[in-house]
Number of protein chains: 2
Amino acid sequence: MEEQFKLDNQLCFRLYTASRLLTQAYHPLLSEQGLTYPQYLVLLVLWEKDAQPVNDIAKRLFLETNTVTPLLQRMEKEGIIVRAKGSEDGRQRIVSLTRKGKALKKELANVPFAVGSAVACKSVKPETAPELFRMLDDIIAKLDAKQE
Amino acid sequence: MEEQFKLDNQLCFRLYTASRLLTQAYHPLLSEQGLTYPQYLVLLVLWEKDAQPVNDIAKRLFLETNTVTPLLQRMEKEGIIVRAKGSEDGRQRIVSLTRKGKALKKELANVPFAVGSAVACKSVKPETAPELFRMLDDIIAKLDAKQE
DNA sequence: TTGATTTATATCGTTCACGATGCAAATATA
DNA sequence: TATATTTGCATCGTGAACGATATAAATCAA
């Protein structure tokens, strides 16, 4: 068996699996509020800075607008956000939190801690997390650069 | 701003992004053969050991059968695999590579190297990869254990 | 200013993921 | 041996992802 084809030698498969399993850990916490994980990411972005155009949100999440637009439409239908036509640039749609969207921040305050403790293990703890973060950031930076 | 809500402090977001971007790096190489990334993963599993029931493939990929079944149906339609009723256990469907599925191994021989060089960077190189692999394996093991 | 190009967003089609549910074959229990 | 339970796989519905394409507003060029 050629080494390069062994599943256990594949970085991408590890990332794919770790990502899926960790996202699943969020599920019970988020579904309680009727949210999905990508919707939660949009909230994180808007809690940092409210009233952003679709494109800024998409860029922050390394997603395309054709992924983000339907996601935002669903969130708007849920009354979490509103999408208003940009006043200076008529093409833009400015996404803002509603009162409900802002209130979710309190409801979800414990989520990061709950997930943090769910994933804490030998390799992931306060001392080693920065190392892991740096590695992943390097990978993201390298791959994102190729997109341009 | 509360630290725990900063996108830049989120492990899951990093894994999610790194996974998506790295999967995208596979796309031009795989689509050449009409494959998707999850289909490529199924091939990796079958190249390691041919003729496996659906459940074994799903478990190996940490996926549910309701994800794998439609995926296999599409691969069967493409003539890459066949799904035969199990002889000893009539509930099982044994998935086997066709001649075409086996031949793809040669066609895709360069994929791991191409992707490897695309992602190679400061943090990911022969010396540091094992460390990263170990961390991701720890996360997967910890989260997978909670599923049982 | 008119026409061409770019930009911001939306729509469409296909393929995952995955919770929920259904069904038939195998196994356990009464 | 009947009946109940479990197991393996499939189907269905919803929400991402993402390539391809469309549309309208803004900008650039002639």
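What rotation, and what shift along its axis, superposes chain A on chain B? A rotation of 180° with 0.0 Å of shift along its axis does so, with an RMSD of 0.0 Å; the superposition is by least squares on the C-alpha atoms of residues with pLDDT of at least 70 in both copies. The two copies are thus related as by a two-fold rotation axis.

This is a predicted model, in which local features need pLDDT of at least 70, side-chain atom pairs count only at pLDDT 80 or more, and totals for chains, interfaces and linings use all residues; side-chain values use heavy atoms, with hydrogens and water left out. Residues are numbered from 1 along each chain as its sequence is written, while chains are lettered from A and ligands numbered from 1 in the order in which they are written.

**Chain A**

- Seven helices and three strands make up the elements of chain A, where helices (H or I, at least four residues) and strands (E, at least two) are DSSP runs numbered from the N terminus.
- Starting at the N terminus, the order of elements in chain A is α-α-β-α-α-β-β-α-α-α.
- The C-alpha trace of chain A spans about 60 × 35 × 25 Å along its principal axes.
- L15(A) is the residue of chain A that comes closest to the rotation axis, its C-alpha lying at 3.0 Å.

**Contact between chain A and chain B**

- Chain A gives 65 residues to the contact and chain B gives 65 residues, contact meaning heavy atoms within 4.5 Å.
- Because 100% of the interface residues of chain A are also interface residues in chain B, the copies meet through the same surface.
- About 6,400 Å² is buried between chain A and chain B, 70% of it on carbon and sulfur atoms; buried area is the accessible area (1.4 Å probe) that two parts lose on being put together, summed over both.
- F5(A), R14(A) and M135(A) supply 11% of the area that chain A buries against chain B, more than any other three residues.
- There are 19 residue pairs in polar contact between chain A and chain B, both residues at pLDDT 80 or more. A polar contact is a pair of N or O atoms within 3.5 Å; within protein, one must be able to donate a hydrogen and the other to accept it, and residues adjacent in sequence count only if both atoms are side-chain atoms.
- On the side of chain A that touches chain B, α1, α2 (37–48), α6 (111–119) and α7 (129–145) each supply at least two residues, and the largest share, 16 residues, comes from α1(A).
- That side of chain A has 38 nonpolar, eleven polar and 16 charged residues. Ala, Val, Leu, Ile, Met, Phe, Trp, Tyr, Cys and Pro count as nonpolar, Asp, Glu, Lys and Arg as charged, and the others, Gly among them, as polar.

**Salt bridges**

- Over all chains the count is 16 salt bridges, a salt bridge being a side-chain nitrogen of Lys or Arg within 4 Å of a carboxyl oxygen of Asp or Glu.
- Between chain A and chain B the count is six salt bridges.
- R14(A) and D137(B) form a salt bridge whose closest N and O atoms are 2.8 Å apart. R14(A) lies in helix α1 of chain A and D137(B) in helix α7 (residues 129–145) of chain B, so the pair joins two chains.
- D8(A) and R60(B) also meet through their side chains in a salt bridge (3.5 Å, N to O).

**DNA strand C**

- Of the 26 residues around DNA strand C, the nearest are Y16(A), R20(A), Q24(A), T69(A) and R83(A); a residue is near a strand if one of its heavy atoms lies within 4 Å of it.
- Sugar or phosphate holds 71% of the atoms of DNA strand C within 4 Å of the protein, and the rest belong to bases.
- A phosphate oxygen of DNA strand C lies 2.5 Å from a polar side-chain atom of R83(A), and a phosphate oxygen lies 2.7 Å from a backbone N or O atom of N55(A).
- The surface near DNA strand C comprises five nonpolar, 13 polar and eight charged residues.

**DNA strand D**

- DNA strand D is surrounded by 27 residues, the closest being T36(A), Y16(B), R20(B), T69(B) and R83(B).
- Of the atoms of DNA strand D that come within 4 Å of the protein, 70% are in sugar and phosphate.
- Phosphate oxygens of DNA strand D lie 2.5 Å from a polar side-chain atom of T69(B) and 2.8 Å from a side-chain N or O atom of Q73(B).
- R91(B) has a side-chain N or O atom 2.8 Å from a base oxygen of DNA strand D.
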